[in-house]
Amino acid sequence: MRHLIAELPGKVIGAFYGLAGYQKKPKEEQEALIKKLHAAFEALESKIQGPYLLGNEFTLADILTFPWFERWSVIEHYLNVSIDKKYEKIHKWVAAVNER
C-alpha cells in the first residue's frame, strides 16, 4: 500500500495541476499535458485491484486519490477533457467510491 500511496496520487495530482491555465497554453504544451494525464490514468488503471484501488477494502489510497476525480466534472466542463471510456477500471472505481 505504501508504494501505491507514494506513486499514484503524485502522478494524478501532477497531471491535474498541469491542467491549470490549460486553455492559455500553446497547442504543443496542451498536447503534452494530455499525454501526461493519460499516462497517469494508465498507471492508475493498471493498479486498481477491485472495486477500490487495493481490492475490496476502501483504504487511504482511495481517500488520497479520489478528490481529484470528484472534481473531474469541472475539468470536463471548462476544458472539454474527458476520461476515456477505455479506462473501465477507473470509471468503476469512481462509481464505487461515489456509492459509499
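Are Phe41 and Trp72 buried or exposed? In this model, which is a predicted one, both Phe41 and Trp72 are buried.

A pair of aromatic rings is described by the distance of the centres and the angle of the planes. Six aromatic pairs are counted in this model, and in one of them the rings of Phe41 and Trp72 have centres 5.7 Å apart and planes at 70°, so this pair is edge-to-face. Because Phe41 belongs to helix α2 (residues 27-47) and Trp72 to helix α4 (residues 72-79), the pair ties together parts that are 31 residues apart in sequence. Phe66 and Trp93 form an aromatic pair that is also edge-to-face, with 5.8 Å from centre to centre and 80° between the planes, and this pair links distant parts of the chain, with Phe66 in helix α3 and Trp93 in helix α5 (residues 88-99), 27 residues apart. Phe66 is buried at a relative accessible area of 8%, and Trp93 is buried at 0%. One aromatic cluster is formed by Phe41, Phe66, Phe69, Trp72, Tyr87 and Trp93.

Turning to helix α3, we find that Ala61, Asp62, Thr65, Phe66 and Phe69 are buried there; these residues cover an arc of only 110° around the axis, which puts them on the same side of α3. Leu60 also lies in this helix, which spans residues 60-70, but Leu60 counts as partly exposed, because its relative accessibility is 42%. Together with Ile63 and Leu64, Leu60 forms a nonpolar patch on the surface, with about 250 Å² of accessible area together.

Finally, there is a charged side chain to look at: Arg100 lies over the face of Phe58, at 3.9 Å from the ring centre.

Terms used
Residues are numbered from 1 along each chain as its sequence is written. Side-chain values use heavy atoms; hydrogens and water are left out. Patches are made of residues with over 30% relative accessible area and no salt bridge: like charges are joined within 9 Å, nonpolar side chains (Val, Leu, Ile, Met, Phe, Trp, Tyr) within 5 Å. Accessible areas come from the Shrake-Rupley method with a 1.4 Å probe; for residues, only the protein chains shown count as cover. A salt bridge is a side-chain nitrogen of Lys or Arg within 4 Å of a carboxyl oxygen of Asp or Glu. Helices (H or I, at least four residues) and strands (E, at least two) are DSSP runs, numbered from the N terminus. Buried means under 20% relative accessible area, exposed over 50%, partly exposed in between (1.4 Å probe, protein chains only). The arc is that of the directions from the helix axis to the C-beta atoms. Rings of Phe, Tyr and Trp (its six-membered ring) pair if their centres lie within 6.5 Å; planes under 30 degrees apart count as stacked, over 60 as edge-to-face and the rest as tilted. A charge sits over a ring if NZ of Lys or CZ of Arg is within 6 Å of the ring centre and within 35 degrees of the ring normal.
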